[in-house]
Amino acid sequence: MGGARGGRDDPEDSRAPHARGGGGGGAGKAKKSVDKNSNEYRVRRERNNIAVRKSRDKAKQRNVETQQKVLELTSDNDRLRKRVEQLSRELDTLRGIFRQLPESSLVKAMGNCA
């Protein structure tokens with residue numbers, strides 16, 4: 001037979017690696033030992049690897065979208081600054097024209113607005 005130490009033919013011994021991580025009656029939150037050769041462990045690791053990859057890909061995608069938004073907003077900002085400059089120049093021109101008008105035409109213009 002398998003002898004005192006228990007060999008591969010011992011049915012009790014073949015279940016031992018799966019029974020190790022039991023989590024049944026342990027005290028507190030001691031870290032359970034895990035058989036890294038078990039199918040369950042490999043499945044969990046694969047799922048975790050997929051989740052981590054998915055999370056990192058999402059983070060990269062968010063980063064790309066944020067960078068695109070920054071470029072878009074920078075472009076909009078530049079366009080709006082140029083528009084403000086243009087309108088400021090136009091306002092200065094109109095103020096200059098307005099100052100050159102005789103006062104009598106101002107009174108008439110104000111009377112037409114009311």
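This is a predicted model: local features need pLDDT of at least 70, side-chain atom pairs count only at pLDDT 80 or more; totals for chains, interfaces and linings use all residues.
Residues are numbered from 1 along each chain as its sequence is written, and side-chain values use heavy atoms, with hydrogens and water left out.

The secondary structure of the chain consists of three helices and zero strands, where helices (H or I, at least four residues) and strands (E, at least two) are DSSP runs numbered from the N terminus. The order of elements from the N terminus is α-α-α. Helix α1 spans residues 11-20 and helix α2 spans residues 39-100.

The mean pLDDT of the chain is 81, and 70% of its residues reach 70 or more. Among the elements, the lowest mean pLDDT, 48, belongs to α1, and the highest, 97, belongs to α2. Over residues 11-16 the pLDDT stays under 50, and the model has two contacts for this stretch beyond four places in sequence, a contact being heavy atoms within 4.5 Å. The pLDDT is also below 50 over residues 18-23, a stretch with five contacts in the model beyond near neighbours in sequence.

The chain exposes about 11,000 Å², of which carbon and sulfur atoms supply 52%; accessible areas come from the Shrake-Rupley method with a 1.4 Å probe, and for residues only the protein chains shown count as cover. Of the 114 residues in the chain, 3% are buried. Residues are classed by relative accessible area as buried (under 20%), exposed (over 50%) or partly exposed (in between), with a 1.4 Å probe and protein chains only.

S38 is located in the loop between α1 and α2. This residue counts as buried because its relative accessibility is 9%. The side chain of S38 reaches the backbone oxygen of D35 at 3.0 Å. A polar contact is defined as a pair of N or O atoms within 3.5 Å; within protein, one must be able to donate a hydrogen and the other to accept it, and residues adjacent in sequence count only if both atoms are side-chain atoms.

Three salt bridges are present in the structure, each defined as a side-chain nitrogen of Lys or Arg within 4 Å of a carboxyl oxygen of Asp or Glu. The side chains of R44 and E40 form one of these, with an N to O distance of 3.1 Å. R44 and E40 are separated by about one helical turn because they lie four residues apart in helix α2. R44 is exposed, its relative accessible area being 52%.

Another salt bridge joins E72 and K69, whose closest N and O atoms are 3.7 Å apart. These residues stand three residues apart in helix α2 and are therefore separated by about one helical turn. E72 is partly exposed at 43% relative accessibility, and K69 is partly exposed at 43%.

R79 and D76 also form a salt bridge, with their closest N and O atoms 4.0 Å apart. Both lie in helix α2, three residues apart, about one turn of the helix. D76 has a relative accessible area of 28% and is partly exposed.

Terms used:
pLDDT is the predictor's confidence in each residue, from 0 to 100.
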